[in-house]
Each structure stands twice: as C-alpha cells, then as structure tokens.
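Trainee: I have a model on my screen and would like to learn how to read it. Could you walk me through it?

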Amino acid sequence: MHLAYPAVLSALLFCTGVYGVLARRNAILVLMSVELMLNAVNLNLVAFDVWLSRTAEETLHSGQALTLFTVAIAAAEIGIGLAIVLAVYRNRGTSHIDKLRDTAEGHGPDDTDPSLPDSDALAAEQAEKAEAST
Amino acid sequence: MTTTTLAALVPVLPFLGANAGLLLGRTAPGFVRPLAVLPTLTSLVLAVLVAVRQGGDAAVDAATELTPTGSVPIELALHIDGFAALVAVLVGVVASCVQIYSVGYLRDDPRYPSYAALVSLFTSAMLLVVYSGDLIVLLVGWEVMGICSYFLVGHYWETPEARAASIKAFLVTKLGDVPFLIGLFALAGDTGSFEITKILDAVAHDGLDHPTLIALLLLAGVAGKSAQFPLHTWLPDAMAGPTPVSALIHAATMVAAGVYFIARLLPVFAASAAAMVVLAAMAAITMAGSGLAALAQDDIKRVLAYSTIGQLGYMTGALAVADRGAAVFHLLSHGAFKALLFLAAGVIIHAAGTNSLAAMSRMGHLRDRVPDAYWTMTVALLALAAIPPFSGFFSKESVLGAAEHVSTGHTEHAPAAAGWLVLLAGLLTALLTAAYAARLWLLAFRGRGADAPDHGRQPLTMTVVLWVLAVPSLAMGGLAYRLLPDWFDGRDLAPTLTTSVLGTGLALIGGIVTYAAWRHTTAHAARVPLGAVAAHPEGGASLVEAEAVAGHEPAYGDIAGAADPADPSRLLLGPLHHPAAAGFHLDAVYRVLFVRPVQAAASLVQFLDREVVDTYVRAAGTLPRWLGTAVRRAQTGNVQTYVSALLAGTVVLAVAAVLVASGA
C-alpha cells in the first residue's frame, strides 16, 4: 500500500481534530477532538514505521513502540480531562467552553478598574509606604 | 610614669569610662555609677599631677605620627603649657563635681546610664581639646563635644523645647564649625603644619600670607562654640537640658573651648589688627547685649545662660587686647563660680518646683528650704558681680586692667580702638552684671507669700558639691593672681586702682539700684498671683526640672519672659524690657534670614521633584501603558481563541521556516 493513503487519512483526521478543538462548544467534544488528533499522529507513526522498516536491514520498530506509549498516555489524559469536565459541570452547571471565561481581562474579584490610568502607580506607592513603615 | 604618659591618660580614662558605661548600662546597672564617677575623679587627680610636674615651666611637648598622610602631617601630639595644665584641672574639677551631683540629681532617671556615659565622653573630648598639640586632633575633640552637647541638651526629649533646643544647638555651632574647618586648612596651608608649636614658630618668624582671612574664619567657629554674638542664640535655649549638663557644658567647659582655642593661637589672631578689632566689637556687643537680656529673663537658668555669654564676652575681650593670661584667669574663676551657680539653681528648681523667678518671688522661706544652695549661691553671685574679695573680682579686674592698658596705647600687640571698646563695654557690663545678679538673688530668696513646698533635705551628693565649688569661688582669685603669671605669659594680673574703683563702684551702683527698684515693685507681687509649679513636686530632681521646662511656656505665655509687673527689671529697663526678654529678637531675624529661605528652597525642591521630574517619568510611562491596554484586550478568557492564535502563529512560523530553508 502506498504511503500516501495513510498519510492523507491522518492529515484529514488531524484537521478534523483541529476543527473540533477550535470550534466545538462542548468540552467533551473538544476532548474527543483532541483524541482524534492524537490518533492521527498514531496513524502517521505506524505508517512511517512500516515504510522505513522496508528499506532498513534491521529495525527496532520504534514508531510502533512510541504509538503504544501515546495510547497509554492518551488514556490517562482523557481520564483526567473528563474528571475536570465533570468537576466543572458540577460547579458551574455547564460544560460550554464559551461560558468558562474566568481568566478574561476585567473579570474576577482582585482586578482593579482598567480604565483608571494610575492603578499601577498607586500600587507602587502603597508598596513603598508599606516598606517605609516597617 | 612620665608626665607625657600621665597626660595621655587624662583624656583616655573618661573615654574608656564612657565606653564601658554605654556597654554595661543595661546588663550591669550596678556598675554605672562607679563607672561614671571614678574615671573622671582619677583623671582629675592625674591632671593635678600633670599640672604640678609641669609647674608653669617650659611646655611639655610629645608627638607621635600614626600614619603618613601624604601632605601636611597629622600627629597625636601633646602640648602642655601652663594654660593647658590649669584649664585641664578646671575641667577635671567641674566634671567630677557634675558627675557626683548627677548621681543625686538624676537618681530616678531611666536614662541615667547613657547620660553619665555621654558626660564622660564629653569630659574626655574637652580634655583632648585642652591637651592636644595638633589642630586636627583638637578638631576631633571639638566636634565630639558638639555631638555630645546635642545628645545631652536633648536629654528630656519628651518635651518639644528640649528637642528644638538640641537641634538648634547642633546646627548653630555647626554653622560656625564649617568656616572653622576651612580656616584650619588655610592656616595649615600658610604654615605647612597642623602642630601648634610649629604654627606659632612660623607665625613668629615669617608671618602669615592671609592673616585676616584665617583669623576671621577661625573666629566664626569660636563664636559658635563660645556662644558669642551673632552665634550665641543656641545657649539660652540649651537650658532645656538637665541642670548638671548646663553647668558642665554651657558654663565651664564647652563654651570655654573657643576662648581657650584663641588663647592657644593668639599670635595668629594678633597678626591681623582687623581681626582683633572684630573680636573686640564682638565681645563688646556680646557683653552689653547679654547683660540687658539677662536682666529681663524669667527662667532662672536662662538668666545664668545669658550671664555665661556675657562673661565669655569678657574673656574674648581680654583676648582682643592680646592678654591671654587675663582671659584664661577669668575662664578659670568663671568656670568655678558659674558651675556652682548652675548646680545651685538645680537645687532651687527642685525645691521650688518651678524655674520661674516670678513664681519664686511669690514663695516665702525658699532660702530656709535649701540653706546650702542659698549660701553658696550668694557667694557665687557676689563673685559673678565682681565684688571684692571674691574670685570674680580679681579675674574681671585683670581683664579690665588689660583693656585699660591697651586703650592708653602702652602696647603694640593690639589696636587702641579694641582697648576702648572692651573697656567701655566691660564697665557697662559690670553694672548690668551686678544688677541681674542682685535681681536673681532678691527674686529667688527674698520672695514673699505662701511658704515654699517642703520635700525634706536635698540629697547629700548635690549639696556637698556646692560647698566644694564655693571654695574656689570665694578664694581662688585673691590667692591666684600673684601665682598665675608664672604659669601664663608672665604678664601682671594684679588689679589696677582705676579700673578696680570704677568696676566695683559700678557694680555697687547696679546692685543698689536694683534693690531700690525691687523695694518699689515688690509690693505689686501680692496683687498679681502668679506661679505654676511642677505636677509632681515630690518626684526626683530631673523629673521636676523636665516638667518645669515644659510648663513654663503654657503657664507664662513665653519661654523667656513672664508677665509679672512686680519684676524690678520692668522698672529698670522700661521699654527695652520686651525686646531684651526675647533676646533682642535675634531669633526672629534668623528666622527671616535663614530659616525661611531654607524652607522655601526645600518646598521649591519638593515642587520640582513632585511636579516636574515626576511629570517626565509619568509621561515616559504612558506609551507602554497604552500598549498594555491594547494587548490586554486580546485576553478574552476563551481558550479556543488562544489556541487559534497559537495555531495561526505556528503556521506562519512554519511557512517562514520553509521559505528560509528553501532559499526563496
């Protein structure tokens, strides 16, 4: 079998995964897309390993061995990922990535008003006062 | 031991005592009192030994160079002539008396250990100044005295008066010390040495290149240290310190350092006639002005402070007529009786619970409460007023005699104008001195009204010292005036008939006029009740004094004067009374001339820093801040956006890498 078939297939799979990671709303679907990308890489590893081992006199099949590692790590990763998604869902009642924006600018309890220009200078002055008083 | 070793030990012992006192003050409080008193007493004994061995003969000189300095050498040098030997004995006597007195006076004071150590350090510095034969080593002692004075005047730092007074004393003396330092360098530049003997040799043989400049620069430092016009204003305010400190620093030693310095380097000053006339004018203004101011003061210690300034004026007057024997003679006798006056005033303030003469004049039987202070203070006041046969008479007459000698043109050392200035101002001051001495005595001891509070006997350490000091105040002048010329330059110090009659007559007139005025005004005293006493009159002497110092301004409206119509000085001075009580408003002049410009300059600098420099800094920060704001907008919180940007960046980088690799 020509190398082009698995390579094209894995490229398609990877693009699907990228699309899913970038475009899906649901966190579980994003995780599934990540799995698609990983498996696209796995497919590449196996295909190229077979292609290389044809010409080599002796080979360790390191590509296939690496694939086994990737599968094991992906299993662990998806376990942790799903646990996090579950915890988020229990806390927030949603698993939509669009709505999980806690790290946005201007969000959160300890953030000062960004329209105030001197907020940095004020903080510096307070730090100086604290130093002087100690 | 050789005389040199003994003399070296004299300043070293109090220095070691001070260090030990500072180190052991907290850990071993039992050692503090012996460590304060014993080194000072020992160095007094050694100073007496040195004086006996020196005996007024040729000066003892010893020098050792610690390290080469490259240009003019600086040596640890001793130069002990008759002046140095006797002044060191005076310093030892007064310092020992003050240390013993302080044991009783600051008995309950929590800061006694540091106080005693600083007094020891101060004594050591003064002895260093007295013995040193090298001007830079002398300057070290000179400046150590300045800083010790700062700490000791501020001993009651809980009161705002003491804080202000200590800073004022430090700054005003420093104002003189800067020209003084420049003058020392100029002197060394002209003569090529810091050593006193070599300088005097050089002046005698070659003369100086810039005699007037050097003499005037050195005079500035002397005026600051010896509280001469126009740098005298710190001394009356320094009375906010404890009384023993006033006795030690502001009567007998530190202020004497300036006079002693001129006496040592008199040929340098005498090389310039202009400097001598300036010195005479300074002395004359100081004498007359301080006499008037002393007459109007209400605080007993401020009276004595102004009196010190006036007596120092006599000494600088004697130096202006080139008679250093008379100057140091007056320094010795004045050191004894002024220390006694201050220490007795401390006893009186403790007994009366106030430092205000107006309040004391409304207390009956104050003299029965403190008989030791009454009798010794009477002796000291008679010495101050120069009534024969007390010691002040002989020393003051030697000054007036020297001035009269010069004014009649018998000498080529000093200009006759200086002689006339000193003589006339001296005679006027004799009148004023007797007047304020009489006023002080009458108001303090002849008061009428409710009996003074009774706190029992004063501590023995405080009263014995008074009698010890009363002996030289009473007898030293009469015994010493024949012996002292052997120790000094050999010039006759015996009183001459004309000045004795004139001086004593004026002093008697001053005393009698004051008595008459007091008889006239004292009837008002009962009508105007005055008199605030310390809140804790049963407390220790230092506590009472601190409260009296802090309470004078709220009780009487002014730190110097009191609105008391029964004060004889109001009758004597008339319209001059108010300016005299305020020290002729010299402080206000200084406020306008120096304090305000400095404050204005400080606010200008503050404006430049806050408004100008900071504006540039803030403007420089604007662009980064705008950029930051723009970049912050990209932070939406949506992880997918971030990953998209990451992907786009990766693609761009990959394309670029491929293009570069393919050489396109």
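**Reading the two chains**

Trainee: Where do I start with residues 65-89 of chain A?

Mentor: First, keep in mind that this is a predicted model. For any stretch, look at its secondary structure and at how far apart its ends sit. Over residues 65-89 of chain A, the chain is 100% helix and 0% strand, with the end C-alpha atoms 36 Å apart. An unreviewed UniProt entry lists those residues, 65-89 of chain A, as "transmembrane region".

Trainee: Which pattern does chain A follow along the sequence?

Mentor: Read the elements off in order. Chain A goes α-α-α-α, with four helices and zero strands.

Trainee: What share of the 134 residues in chain A is buried?

Mentor: Burial here is a matter of counting neighbours: a residue needs 20 or more other C-beta atoms within 10 Å of its own. In chain A, 7% of the 134 residues are buried.

Trainee: And how do I read contacts in chain A between residues at least 6 apart in sequence?

Mentor: Ask how far along the sequence the partners are. Of those contacts in chain A, 47% join residues at least 24 apart.

Trainee: How many residues of chain B are in contact with chain A?

Mentor: Count each side separately. You get 13 residues of chain B in contact with 13 residues of chain A. On the chain B side, helix 27 (586-632) and helix 28 (639-661) each supply at least two residues. Helix 28 of chain B gives the largest share, five residues.

Definitions and conventions:
Residues numbered from 1 in each chain as written. Chains lettered and ligands numbered in written order. Predicted model: local features only at pLDDT ≥ 70, side-chain atom pairs only at ≥ 80, totals over all residues. Buried ≥ 20, exposed ≤ 12 C-beta atoms within 10 Å, placed from the backbone. Contact = placed C-beta atoms within 7 Å. UniProt positions renumbered as here; feature names shortened; annotations may be inferred.
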